[in-house]
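Please read them with the structure open beside you.

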Amino acid sequence: MVTIDLLLGGIPGRTDEGYLGQSSVALLDGETIVDTGSLARRPMLVDALETAGVDPADVSDVLLTHLHFDHVDNVDLFSNATVHVYDPELERAENGGFDWATPRSVAGLLDGRDVVRFTEGEVLDGIEAVHTPGHVEHHVSFIVEDGMTYGLTGDAVKNVREFETRNPFTIYDDEIGRETLDALAERLDFVVPGHDVPFYVTESGGAAPCGDVDLTVRLQLGADSETHVGIRSDRSDVRALPDGVREVGSKQSFE
């Protein structure tokens with residue numbers, strides 16, 4: 001049975017001061033990381049790996065859906081891992097085809113690493129890479145078949161709302177992004193999205209989430225003044241995670 005440890009949950013939010021940019025990070029079968037999250041969440045990622053009983057140095061492979069900062073920032077944490085990058089996406093960055101979310105230092109992040117450039121198809125035993133353009137042109141999702149079809153989709157499916165409304169936030173092409181969502185809805189049974197809790201795909205092509213988004217914002221306003229704002233989605237009919245999928249992520253302490 002495939003095991004998926006949800007190390008960091010994605011956040012489906014933006015503010016009037018900029019995008020939150022906090023993506024999901026998942027661990028497949030105890031040794032393969034899918035996306036690495038942003039530097040802002042590095043302490044949480046380290047804690048989650050410890051909870052999962054995994055030393056970052058023992059991770060064998062890192063699979064990247066695309067090269068945006070919130071998906072690649074922590075790639076150096078996995079010092080012994082082979083890093084798998086979709087060939088056209090890496091070529092884009094190498095040729096200076098940067099969008100606003102791609103770190104200009106991405107080549108440096110990968111410099112000296114064992115990097116495998118892949119195309120569509122099986123990238124590791126039992127893990128298939130599928131081209132899922134829209135959010136960016138050279139985005140990929142990773143699919144695992146084991147009784148049901150699991151998709152670790154990065155930002156091809158960012159959150160429940162975009163999936164259900166077929167109205168994705170894209171940098172590359174909105175219509176192609178909608179076609180990608182339709183194709184994934186046809187194929188997948190369960191989704192680990194880039195910026196939300198995981199969910200089941202319903203028979204009608206909608207989403208049945210497996211949890212609520214639970215977020216606290218702390219504003220430090222002065223020596224004796226601070227404000228905490230708690231946000232919780234309170235979704236109805238939340239479903240249990242499938243066997244083999246577990247949440248091991250941690251929260252950042254405000255102490």
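1. In which sense do β10 and strand β11 pair, and over how many bridges? In this predicted model, β10 and β11 (residues 140-146) pair in the antiparallel sense, and 5 bridges join them. Within this pairing, alanine 129 stands opposite phenylalanine 142 in β11.

2. β10, which covers residues 127-131, also runs antiparallel to strand β9 (residues 121-124), and 3 bridges join these two strands. Here alanine 129 of β10 has glycine 121 opposite, so that residue deserves a look from both sides, given that phenylalanine 142 in β11 stands opposite alanine 129 as well. The hairpin of β9 and β10 has 2 residues between the strands, and glycine 126 takes a positive phi near 80° in this hairpin.

3. Histidine 68 lies in the loop between β6 (61-63) and α2 (69-72). Histidine 68 counts as buried because its relative accessibility is 2%, and the cut-off for buried is under 20%. The side chain of histidine 68 makes a polar contact of 3.0 Å with that of aspartate 99. Leaving aside residues up to four places away in sequence, histidine 68 touches several others, among them Ala101, Thr102, His135 and Ile171.

4. On the surface, Val217, Leu219, Leu221, Val229 and Ile231 form a nonpolar patch, whose accessible area together is about 410 Å². The elements that give two or more residues to this patch are β16 (214-222) and β17 (225-232), and the largest share, 3 residues, comes from β16. Valine 217, which has its place in strand β16, counts as partly exposed because its relative accessibility is 34%.

Definitions and conventions
Residues numbered from 1 in each chain as written. Predicted model: local features only at pLDDT ≥ 70, side-chain atom pairs only at ≥ 80, totals over all residues. Heavy atoms only, no water. Pairing = 2+ DSSP bridges. Helix = DSSP H or I, 4+ residues; strand = E, 2+ residues; numbered from the N terminus. Buried < 20%, exposed > 50% of the residue type's maximum accessible area, 1.4 Å probe, protein only. Polar contact = N/O pair within 3.5 Å; in protein donor to acceptor, adjacent residues only side chain to side chain. Contact = heavy atoms within 4.5 Å. Patch = residues over 30% accessible without salt bridge, like charges linked within 9 Å, V, L, I, M, F, W, Y side chains within 5 Å. Areas by Shrake-Rupley, 256 points an atom, 1.4 Å probe, with all protein chains shown as cover. Salt bridge = Lys/Arg side-chain N within 4 Å of Asp/Glu carboxyl O.
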